[in-house]
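Thanks for asking me to take a look at this one. My notes are below, as numbered points you can read alongside the model.

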Amino acid sequence: MNYLYFLYIEFLQKHNIPQLFGDITFYFIPFCIIAAALLVVVIVLVLVERKFLGFFTQRKGPNRVGWWGLLQTIADALKLLCKENITPDKADKFLFNLAPILVFVPMFAALGVIPYSSEFTFINTSTNVILYLILAAFPVLSIFLAGWASNNKYSLFGAARCIAQVLSYELPMTFVILSVAVLASSLNLTEITLAQTSKYGAFGWFALPCILGFVIMFICMLAELNRCPFDLPEAESELICGYNTEYSGMRFAIFYLSEYAMMFANAMFLAILFLGGYLSPFGKYFFSAGPFVYFEQAFWLFLKAAVLIFIMIWIRAALPRLAIYDLLKFSWVILLPLSIINLFAAVLIKFGGAIWAA
Amino acid sequence: MDLNKFREMFQGCELAGNKILIKSRMHDVIKFVTENYPYDILKEITAIHNPDGRIELIYNLYSTVDEETLLISILLDGNEAESVSDIFDSARADENEIFDLFGVKFSGNDDLKRLYMPEDWEGHPLRKDYVQDDTRLAWNDDKNNV
Amino acid sequence: MMTKTTFKLNLGPQHPSTHGVLRLLLELDGEKIISCEPDVGYLHRGMEKMAEQMSYIQYLPTVDRIDYLAGFFYSELLCRIVENAMEVELPDKVRAIRVMLLELNRISSHLLWVGAFLMDLGAVSPFFYAFREREMILRYFEKISGQRMMYNYFVFGGVRHDIGFLEDVEEIISILPGKIDDYEKIITENPIFIRRTVEKGILQKEMALNNGITGVNLRASGVDFDLRFEDSLYRGFDIKTIVLDGKDSFARYKARILEMRESIKIVAQALEYLKKSGSLEQRLINPINLKLPEGDYFADIEAPRGTASCFVRSYGDKNPYRLKWRTGSYYSVNLLRKLLAGEYLNDAIAIAGSLDIILPEVDK
């Protein structure tokens, strides 16, 4: 962050603008970057998912708009933008309109918490893991709001399922994150990343000592993102479209796109916790210094996230949906005890030597 | 099956073609048949509005054990018949269809309702005395404006 | 004080997983279904009334529409009624053609069911895989009859024209078993699929019989009942029927998969005969001024969704005095009333899907 800050201040000083102005405006820059990057990422993600799902099911996927279907998502977004926003007559209009906004804002903030490279962390607090968890769980509230305000039984079902699901999967997830925090002795994402540094590259990642935790966390993430096989809140064959049944036009697009943005953010979060974040898997970077190394670090992070997202798409193509009671049972009976075991294992790995010596 | 025993129990039944024609007491006949012979499926109930104005019901019973079909037929005097839905659950569906299309009321079957036709439709289309009036199908804005 | 309240949910008629326009009026307590009331009739075309005003040959093209996924079965039924009435014996080659097409049609219908059922359970891919294989069969049907779904290929006394493109059938039956193995690999052994189907929607034997359930659903409940054995059309064919004792959704799935495999064998037998046979010699019934002799005629067949039968009463006119269809799905829909009570909503969708209900067949 400092690097970018100094660049900015230097630039301002060249033009004789006081530093106070720079201090105030500096924090708008990251959000502009995030907003721009987010749109691109989401548009690419939607296309990639549709393309891969097409390949998995022996279809071609979108291939009409632009070369290789590259402009398909933009065309879809434009179409949704032009469509009429319909608010149901009996809906709670204020909450109905508020919900899409509330799903978007925390997601932006959540992306600011992620350390993209050793210098690019827009919001860096000592406990930004917790901050991320809060922001990542926030869309659930707006989903509930959307389901409640729609005045539609299917939406309400979707919302209720979503709450039940996220509540029960948040718990094992927290335990797993605790074990990572124990291993890294920190709740700061940058420090967690750096704690995985080793000269053997990928062998220092927490995914190795905590492989159980990594799998649990991945499953919980699928549940929190409402991805297949945990896509009950928007189970198409049961609840039509779940919580966003009544949404149309741009409001629907916001729900739809935020889902993918959340997917990207969570994949990066998982990569930071277990796959060494922006660290190179080979132990050293290709670029030794300068701004290029930051880009390389961001590249590794995005690559790791992309691999995780690919697995998510793969799972979506392969698995049927769980039943609601199986889903809850799976979390409380299997994942929760396993995550506690994982926590103990992490404590043993970290402090085992010290305990043994004592 | 042994028709003589059948004749003793139910007066006036006769063999017509491949089916047994009975005069009345359909419920008792079906009950008797299912209790004494291994007929386990009521495949269908066919209703026919005969040219003489009477409605004929043909019960198609089938036995999965010895793979035999038994047709029992009854000529109704009015638009009333006995329901056999307490013996075969599938009769409930058939009787509902017959009620909708022929207007036969089955005593003992409580949930008869219009099935294919709209709730307020007059007449029963498969009856021979049904007058086909296409003007009723025309879209009426006053009536259908929901 | 807590009072228990229930609410009504309208599932359908425009719902993605009701396979057409079925409307289920559910009474729910949370996600638990207390009662279910199926409401049909959104696709009613008055097939029986139509028949009374049409001559037999006019009516023949419409009967494919009773079940658009298995059209051959219904044209076969009407042809059989006329053939029985006119006392026409079908030549062996015609029988072989009809058996081959019927069984291919059964396979295509079951394939679609596999895809749609998995779609109900939330898996997308099997739907496309199943459609890929079904497409081969539909292409073949298109080649011989000119139509993908509404074939109008069987005529009174025979078939419209001689069969051809037998190499296509050969390809289909050589590819299909491997593809069905693939389905089994991704579906049958999937733990989530097993969790969602085993012991779900148990249909006891007595309940099935009492509710008039026939076909695969009945055989998956342990009743050995297959009309193909007494069918004169299938005379000389080696048929094996699949009877499973599982009684649940999984058994119904498994029975259909196994039945597809058996149907492939029947198709192979018919194909072998057709490859050796000479040109088609059939004595068609002249459909112009066709009048069935006075009397009642009855024909039934083992359709993919249970026993389908046709009853015709003729008074010697050009058109039937009364024509009645019996279709398997109609009884399956009415069974939902009992089968869904006490289930959770997402299980209910899976159970209803496992019964293979198709709405045009229900509404006729």
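Here are my notes, chain contacts first and local details after that.

1. A few ground rules. This is a predicted model, so local features need pLDDT of at least 70 and side-chain atom pairs count only at pLDDT 80 or more, while totals for chains, interfaces and linings use all residues. Residues are numbered from 1 along each chain as its sequence is written, with chains lettered from A and ligands numbered from 1 in the order in which they are written.

2. Who touches whom? Two pairs of chains touch, and the pair with the most contacts is A and C; a contact here means that two residues have their C-beta atoms, placed from the backbone, within 7 Å. Chains A and B do not touch, and their nearest C-alpha atoms are 15 Å apart.

3. The A–C interface. Chain C puts in 26 residues and chain A 24. On the chain C side, helices H4 (92-120), H5 (125-145), H7 (191-197) and H12 (345-354) each give two or more residues. Helices (H or I, at least four residues) and strands (E, at least two) are DSSP runs, numbered from the N terminus. By class, that side of chain C has 14 nonpolar, six polar and six charged residues. For the classes, Ala, Val, Leu, Ile, Met, Phe, Trp, Tyr, Cys and Pro count as nonpolar, Asp, Glu, Lys and Arg as charged, and the others, Gly among them, as polar.

4. The B–C interface. Here 25 residues of chain C meet 19 residues of chain B. The chain C elements that each supply at least two residues are helix H1 (47-52), helix H8 (205-210), strand S7 (306-314), strand S8 (322-326) and helix H11 (328-339). S7(C) has the largest share, four residues. This side of chain C has seven nonpolar, nine polar and nine charged residues.

5. Chain B by itself. Chain B has four helices and seven strands, in the order α-β-β-α-β-β-β-β-α-β-α along the sequence. Of its 146 residues, 35% are buried. Buried means 20 or more other C-beta atoms within 10 Å of the residue's own, exposed means 12 or fewer, and partly exposed is in between, with C-beta atoms placed from the backbone. Among the contacts in chain B with a separation of 6 or more, 45% are between residues 24 or more positions apart.

6. A loop residue in chain B. B:Arg25 sits in the loop between strand S2 (19-22) and helix H2 (26-36) of chain B. Why is B:Arg25 partly exposed? Because it has 16 other C-beta atoms within 10 Å. The C-alpha atoms of B:Arg25 and B:Glu82 are separated by 7.5 Å, although the two are 57 residues apart along the chain.

7. The nonpolar cores. A nonpolar core is a set of buried Ala, Val, Leu, Ile, Met, Phe, Trp, Tyr and Cys residues joined through C-beta atoms within 7 Å. The largest has 150 residues, and C:Phe73, C:Leu77, C:Leu78, C:Met100 and C:Cys310 have the most contacts inside it. H4(C) gives the most to this core, 17 residues. A second, separate core of 96 residues includes A:Met173, A:Phe214, A:Ile216 and A:Leu308.

8. Helix packing in chain C. H3(C) (residues 71-86) packs on H4(C) at an angle of about 140°, with the axes 8 Å apart. Axes are lines fitted to C-alpha atoms, for helices over the stretch in contact, and angles run from 0 to 180 degrees between N-to-C directions. H3(C) brings C:Phe72, C:Phe73 and C:Glu76, and H4(C) brings C:Arg98, C:Leu101, C:Leu102 and C:Asn105.

9. A hairpin worth a look. Strands S2 (residues 23-29) and S3 (residues 32-39) of chain C run antiparallel and are joined by seven bridges; strands pair if DSSP finds at least two bridges between them. C:Leu25 stands opposite C:Glu37 in S3(C). The hairpin has two residues between the strands, and C:Gly30 takes a positive phi near 65°.

10. Back to chain A. A:Thr87 lies in the loop between helices H4 (72-82) and H5 (93-113) of chain A. A:Thr87 counts as partly exposed because it has 17 C-beta neighbours inside 10 Å. Leaving aside neighbours within four places in sequence, A:Thr87 contacts A:Lys93 and A:Phe96.
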